[in-house]
Amino acid sequence: MRWTLQPKPDAKQVAKLADELSVDETIASVLLQRGINTFEAAKEFFRPTLDQLHDPFLMQDMVLAVTRIETAIASEENILVYGDYDVDGTTSVALLSSYLRTFYPNVATYIPDRYDEGYGISYQGIDFAEDNGFSLIIALDCGIKAIEKVAYASQKGIDFIICDHHRPGVELPKAIAVLDPKREDCNYPFKELCGCGVGFKLIQALASKKGQKIEDLLLYLDLVATAIGADIVPMVGENRVLAHYGLKVINSNPRTGFKAIMGQVKKDRFTITDVVFIIAPRINAAGRMKHGNHAVTLLTESDREQAAIWASEIEQFNTDRRDADKRITKE
């Protein structure tokens with residue numbers, strides 16, 4: 001890794017900001033290097049609030065995505081929530097599937113096999129959808145370059161909604177909706193969401209149509225904070241707000257699956273560093289050593305005893321992963 005040092009800010013600006021914030025000039029200098037040059041910007045950075053979150057309908061194709069999901073529910077279609085086997089993918093799938101299931105039963109999940117299918121949307125996944133009567137696939141953390149796969153699904157009468165955060169190619173897949181803040185024609189104000197973050201904007205949009213408020217969605221932010229930490233996206237803007245509130249959920253009222261993981265490591269309070277180095281590797285280990293489905297199952301499990309069993313298995317996967325890392329390094 002090569003470090004790129006920011007140029008030293010102007011001494012007068014440093015002194016001015018230090019005086020406005022009543023902080024040491026070293027802190028003021030670091031803030032200026034991060035583009036924080038006013039009292040208000042510093043306040044937003046240090047004291048994130050939910051009203052800093054943007055309207056999800058500012059994202060290109062959000063109306064199309066919400067309308068298609070509402071149509072699927074009204075028509076009692078089967079919806080398949082599809083995502084990669086890494087932390088961002090599995091948390092995204094757990095997020096959207098668990099939200100949809102609070103009011104609609106015909107929802108299933110699909111995680112591709114790391115070794116048989118690899119990253120992204122697979123032909124096997126589309127064939128699975130066809131064989132099992134799914135007419136809508138919502139892909140999270142993948143799909144932005146799956147032009148041939150989306151066309152293949154379309155031939156089988158299966159629609160796609162893509163929620164991704166990777167940079168698109170020259171052409172976009174011909175999906176019903178493509179949610180990606182990095183689209184050139186997308187005017188969404190914050191470009192650095194992770195895949196789970198884009199998934200959260202989708203449930204925020206769906207919730208607003210149902211008359212729900214952002215406060216009703218806070219319980220999902222433990223998943224979003226974990227994805228933000230694991231995917232190493234910049235901890236600024238919306239990511240900072242979502243991670244801040246997600247950590248509060250992890251430390252006060254985490255989902256049953258997280259409680260089970262935390263019980264394995266015997267730690268009471270988690271920082272974002274703990275999320276990155278304790279929770280994330282365990283979720284990742286499922287996809288590396290066995291199958292990403294194990295992570296989604298744990299993260300959507302509501303029964304405490306069953307969650308403890310899944311967490312114990314994932315703890316073993318993580319131990320096996322560590323041993324394999326050591327062995328490979330030695331070789």
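Phe103 counts as partly exposed because its relative accessibility is 28%; partly exposed lies between buried, under 20% relative accessible area, and exposed, over 50% (1.4 Å probe, protein chains only). The model is predicted: local features need pLDDT of at least 70, side-chain atom pairs count only at pLDDT 80 or more, and totals for chains, interfaces and linings use all residues. Residues are numbered from 1 along each chain as its sequence is written, and side-chain values use heavy atoms, leaving out hydrogens and water.

The structure holds 8 aromatic pairs. Rings of Phe, Tyr and Trp (its six-membered ring) pair if their centres lie within 6.5 Å; planes under 30 degrees apart are stacked, over 60 edge-to-face, and the rest tilted. Tyr99 and Phe103 form an edge-to-face pair, with 5.3 Å between centres and 75° between planes. Tyr99 is buried, at 1% relative accessibility. Tyr110 and Phe128 form a tilted pair, because their ring centres are 5.1 Å apart and their planes stand at 45°. This pair links distant parts of the chain, 18 residues apart: Tyr110 lies in strand β2 (residues 107–110) and Phe128 in helix α6 (residues 123–131). Helices (H or I, at least four residues) and strands (E, at least two) are DSSP runs, numbered from the N terminus. Tyr110 is buried at 11%, while Phe128 is partly exposed at 31%. Ring pairs join Tyr82, Tyr110, Phe128 and Phe134 into a cluster.

Strand β3 (residues 134–140) has 7 of its 7 residues buried, so the rest of the structure largely encloses it. Strands pair if DSSP finds at least two bridges between them. Strand β1 (residues 78–83) runs parallel to β3, joined by 6 bridges. Here Gly83 stands opposite Leu140. Strand β4 (residues 159–163) also runs parallel to β3, through 5 bridges. Ile138 has Ile161 of β4 as its bridge partner.

Helix α8 (residues 195–209) is mostly covered, with 13 of its 15 residues buried. At 1.5 Å a residue, α8 should span 21 Å, which agrees with the 22 Å between its end C-alpha atoms. The expected span is 1.5 Å times one less than the number of residues. Just after α8, Gly211 takes a positive phi of about 80°.

Asn318 belongs to helix α14 (residues 304–330). The residue is buried, with a relative accessible area of 1%. Neighbours within four places in sequence aside, Asn318 is in contact with Pro281, Arg282 and Ala285; contact means heavy atoms within 4.5 Å.
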